[in-house]
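Take a look at the structure first, and then we can walk through a few of its features together.

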Amino acid sequence: MFPNRAALPRPSPFKAIFLAVSFCLIAYMLVVIAGLVVYPPLPALIESLLSPEILFAVELSLVTSAVSTAFCVIAAVPVAYSLARFSFPGRGVANTIFNIPLTLPPLVAGVALLIFYGPSTFGKMLSEWGLDVIYTPLGIVVAQFFVNLPYMVRVTRSAFETINPRYEHVARTLGCTEWGAFRQVTLPLARSGLIAGLVITWSKSIGEFGAVLMLAGATRMKTETLPIALFLNMSTGDLDLAVAASVILIAISVISLAVFERYTGGRGVF
């Protein structure tokens, strides 16, 4: 027996309109992104992907993003835990300060870093010690760290806030120290959130452009990350190399987003 068609509920006009708008926008985004990927002939795309310049950009991006993400994780865990668990004077101000880079244009952040590590007293002192940050790969790491630390703090804080403090109290009544309860109870429970934060921070580090451009510059085969390679080749009209860099960045974004959604369950943390 087939179900009575007349008995099936009809979608309301409200629902139909909203779903239609959603599907149209999804289709639009997919077409635009797919158009970029399929634009160059496959042999030309493969040749560009294997070019020395793109391979250098990939290697530099992977190394600098890995280092900056590691620093973000090390710095974000105590900050996020403090904001999630402790009450202290200026807690609201501290939270606001850590969120400033989230709304600050990356170019502005890059200019601020350029001044701090350049003509400032601190920058001159570093230069006298032989530690050059401006227009070097180290500058890439510094720019990525500054811009992306707030994302790691926000995701990690969200992970800590979902854990009931009673678990830590129980662990301490059983003989654990504060550090022991944090290491043996809190960190394992926050594992999914930490992995999600690590992945999204790493992905954003690879894609960071504005702050890196201001602090590290855009020098081929020296400070040429994937976004810088895209910018340089678009500036010189080498569309194939620019598309190759774009395709790699798209692939990294899709994979990172899939992992992020897997470990957060689709919960928004930004």
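A disulfide is counted here when a pair of cysteine sulfur atoms lies within 2.5 Å. By this rule the count comes to zero disulfides. Please keep in mind that this is a predicted model.

**Cysteines**
- Cys24 is exposed, with a relative accessible area of 56%.
- Cys176 is partly exposed, at 23% relative accessibility, because that value falls between the 20% limit for buried and the 50% limit for exposed.

**The cavity**
- The structure holds one cavity of 30 Å³ or more, and the volume of the largest cavity is about 50 Å³.
- Its lining is made up of Leu83, Asn95, Phe98, Asn99, Pro150, Val153, Arg154 and Arg157.
- By residue class, the lining of the largest cavity splits into four nonpolar, two polar and two charged residues.
- Which helix gives the largest share of this lining? Helix 7 does, with four residues.
- Helix 4 (91–103) and helix 7 (137–161) each supply at least two of the lining residues.

**Helix 9**
- Helix 9 covers residues 178–189, and its 12 residues reach 15 Å from the first C-alpha to the last, close to the 16 Å expected at 1.5 Å a residue.
- Its buried residues are Gly180, Ala181, Phe182, Val185 and Thr186.
- Helix 3 (52–85), helix 7 and helix 8 (165–173) are among the elements that cover these buried residues.

**Helix 10**
- Helix 10 runs over residues 191–207, and its end C-alpha atoms are 24 Å apart.
- That agrees with the 24 Å its 17 residues should span at 1.5 Å a residue, because the expected span is 1.5 Å times one less than the number of residues.
- Buried positions in helix 10 are Gly193, Leu194, Ala196, Gly197, Val199, Ile200, Thr201, Ser203, Ser205 and Ile206.

**Thr156**
- Thr156 lies in helix 7, the helix that also gives four residues to the cavity lining.
- Is Thr156 buried or exposed? Thr156 counts as buried because its relative accessibility is 0%, and buried means under 20%.
- Leaving aside residues up to four places away in sequence, Thr156 touches Ala76, Val77, Ala80 and Leu194.
- Leu194, one of these contacts of Thr156, is among the buried residues of helix 10.

Terms used: Residues are numbered from 1 along each chain as its sequence is written. This is a predicted model: local features need pLDDT of at least 70, side-chain atom pairs count only at pLDDT 80 or more; totals for chains, interfaces and linings use all residues. Side-chain values use heavy atoms; hydrogens and water are left out. On a 1 Å grid over the protein atoms alone, a cavity is a set of points where a 1.4 Å probe fits but cannot get out, and a pocket is an open set with protein on both sides within 12 Å along at least five of seven lines; lining residues have an atom within 4 Å of a point. Grid points are joined across faces, edges and corners, and a volume is the space filled by probe spheres set on the points. Ala, Val, Leu, Ile, Met, Phe, Trp, Tyr, Cys and Pro count as nonpolar, Asp, Glu, Lys and Arg as charged, and the others, Gly among them, as polar. Buried means under 20% relative accessible area, exposed over 50%, partly exposed in between (1.4 Å probe, protein chains only). Contact means heavy atoms within 4.5 Å.
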